[in-house]
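Hello,

Here is the structure I promised to pass on. Please open it first, then read my notes below.

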Amino acid sequence: MKADVVVIGGGPNGLAAAALLAKGGLKPIVVERREAVGGAAVTEEFHPGFRGSTVAHTAGPLRAKLVSALNLARYGLEWTLPEPRVFAPHPDGRGLSLFGDPARTAAELHRFSARDAARYSEFHASLTRISAVLARLLELTPPDAERLDLRDLFPLAGFGWALRRLGREDGQNLLRWGPMAVADFAQEWFETPLMAAVVAARGIHGMTAGPWSAGTTANLLLQAAAGDGNGAGSTVLVKGGLGALTMALASAARGFGAVIRTGSGVERLLQKDGRIAGVILAGGEEIEARAVASAIDPKQTLLRLLDPVALDPDDAQCIRNFRT
């Protein structure tokens, strides 16, 4: 069997990749080990008559341009945008609510700290400005360093100009905050422990790291860039659970011509003439392809599926030490 691209893994990332490749005119095949697509984004029955998102539970960060490009609303995808966006209970019986409206959030904070209430509008505005610039970075295709030409430099130059337009204060903050532990970042802005905890939680979301780990503020900034840059964060819930999102992605992928095969675990990557030429499934079936896109983690991809002799020993050691 042959395909233009084999996508390993039928989670939201693999399905989105397959849908975009198919929309671009290629013929991708998604191979998923489980009998159903979705990966961690599934809606399952956890008690007779009750269904819910059983692993991942929020749909963020999900780029609005992706939803529009794949016309996911056509496949029944509906959102719930709750207000407040975040509610943090306090042991003393009080609770802190963060809203999309920064003035409303500041009023909530005033019950805990007048200083934090006054600082919140500045925090929101700064995060909004910086995340708007980083959002451009998320849309750039990394250039091929071995075949770099002027066409690759124009988007990078545009991003550089956007950075310059940030101004000195925001530019210096971006450089300073990126490597910072998110706990330090939160305490730099807010004296209320509950508010600092809410901010710090955003920095460690989806990471194997704690709030005192270096670089966790960069995770907060990138998540803000992928959302709307609001100081309260972005909370997006899918009606029907996250399984509704992956079902819509799968329908869109099939609609553009992608093939999705479940119950098809990959045994190893197929190598020919020094390049990846497809995959070999657990049953021995070979699927040849011009390229393979892996939506599973780098350790499994490069240490389990790839022939060990194909990987440089130094690279292999780096991958073994990669925290996932």
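Which helices do the buried residues of α7 pack against? They pack against α4 (114-138), α6 (168-177), α8 (193-204) and α9 (216-226). Helices here are DSSP runs (H or I, at least four residues), numbered from the N terminus. Buried means under 20% relative accessible area (1.4 Å probe, protein chains only).

Some background. This is a predicted model, where local features need pLDDT of at least 70, side-chain atom pairs count only at pLDDT 80 or more, and totals for chains, interfaces and linings use all residues. Residues are numbered from 1 along each chain as its sequence is written, and side-chain values use heavy atoms, leaving out hydrogens and water.

Back to α7, residues 182-189. Its buried residues are V182, A183, F185, A186 and W189. They sit on the same side of α7, because they cover an arc of only 160 degrees around the axis (taken from the directions from the helix axis to the C-beta atoms).

Next, α4 and α9. Their axes (lines fitted to C-alpha atoms over the stretch in contact) come within 7 Å and cross at roughly 80 degrees. The two are therefore roughly perpendicular (65 to 115 degrees). Contact means heavy atoms within 4.5 Å. L127, I130, S131, L134, A135 and L138 in α4 meet L220, L221, L222, A224, A225 and A226 in α9.

Last, α3 (residues 102-109) and α4. Their axes come within 8 Å and cross at roughly 155 degrees. So these two are roughly antiparallel (over 145 degrees). P102, T105, A106 and L109 in α3 meet D116, A117, Y120 and H124 in α4.

Best wishes

Terms used
Buried means under 20% relative accessible area, exposed over 50%, partly exposed in between (1.4 Å probe, protein chains only). Axes are lines fitted to C-alpha atoms, for helices over the stretch in contact, and angles run from 0 to 180 degrees between N-to-C directions. Angles under 35 degrees count as roughly parallel, over 145 as roughly antiparallel, 65 to 115 as roughly perpendicular and the rest as oblique.
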